[in-house]
Amino acid sequence: MSTSAKPGPRERLLSAAQELTYTQGVGVGVDALLKAAGVARRSLYEHFGGKDGLVAEVLRRSSAEDLDQYRSTMEKAGDDPRARLLAVVDRLNLIAAAPDFHGCRYLAADLALTQPEHPGHEVTRAYRRTLQGLFADEFVALGHSRPEFAAQQLLLLVDGLLAAGATRSDLAPAASRELAEHIIDAGLKGA
């Protein structure tokens, strides 16, 4: 008979914090995190140095997972850069329409973490730089006249789509897709 090993305290803290900071925000209390993880307070400090370190690590872990999802979405869309970029917007529209959608964890964290030196801010900045770079690579492959600028515009659209998706149930997916098409087509020769 096989028994599966229970994850250690570090992994349990990360899993609990990843869930609770998304559903309740980064302001969720330490006691709630410890209770959900089933660990002692000492584990939090041993593994992360405190709540700030845990929040930063959760954002790191989430960003790696989310960036993998962006890459996967683009890969599934094929080789055409336009289709790959539009697939991202289409996928985000589906995610934002889900009943358990609570918004963009990175935008929420940046707004809630009022201390500019909080380590979570560097993680969210790195996440956005990487995502913008993924978009810029597609715009370059597309032959867009201003790939970096278009990538910034698309990232603004993504941030807006995810923020609005958390606060409004009346959004039409066609609106964000049309904006994405405009961003993409505005820098193409002959468009």
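Student: How many helices and strands are there in the protein chain?
Tutor: The protein chain has nine helices and zero strands, where helices (H or I, at least four residues) and strands (E, at least two) are DSSP runs numbered from the N terminus. This is a predicted model, in which local features need pLDDT of at least 70 and side-chain atom pairs count only at pLDDT 80 or more, while totals for chains, interfaces and linings use all residues. Residues are numbered from 1 along each chain as its sequence is written, and side-chain values use heavy atoms, with hydrogens and water left out.

Student: Roughly what box do the C-alpha atoms fill?
Tutor: Taken along the principal axes, the box is roughly 65 × 50 × 30 Å.

Student: And what share of the residues is buried?
Tutor: Of the 191 residues in the protein chain, 42% count as buried, meaning under 20% relative accessible area, with exposed being over 50% and partly exposed in between (1.4 Å probe, protein chains only).

Student: Switching to glutamine 132, which helix does it lie in?
Tutor: Glutamine 132 lies in helix H7, which spans residues 119-142.

Student: Is glutamine 132 buried or exposed?
Tutor: Glutamine 132 is buried, because its relative accessible area is 18%.

Student: What is glutamine 132 in contact with, leaving aside its neighbours within four places in sequence?
Tutor: With those neighbours set aside, glutamine 132 is in contact (heavy atoms within 4.5 Å) with Glu148, Ala151, Gln152 and Leu155.

Student: Back to the whole chain, what percentage of contacts with a separation of 6 or more comes from residues 24 or more positions apart?
Tutor: Such residues account for 65% of those contacts in the protein chain.
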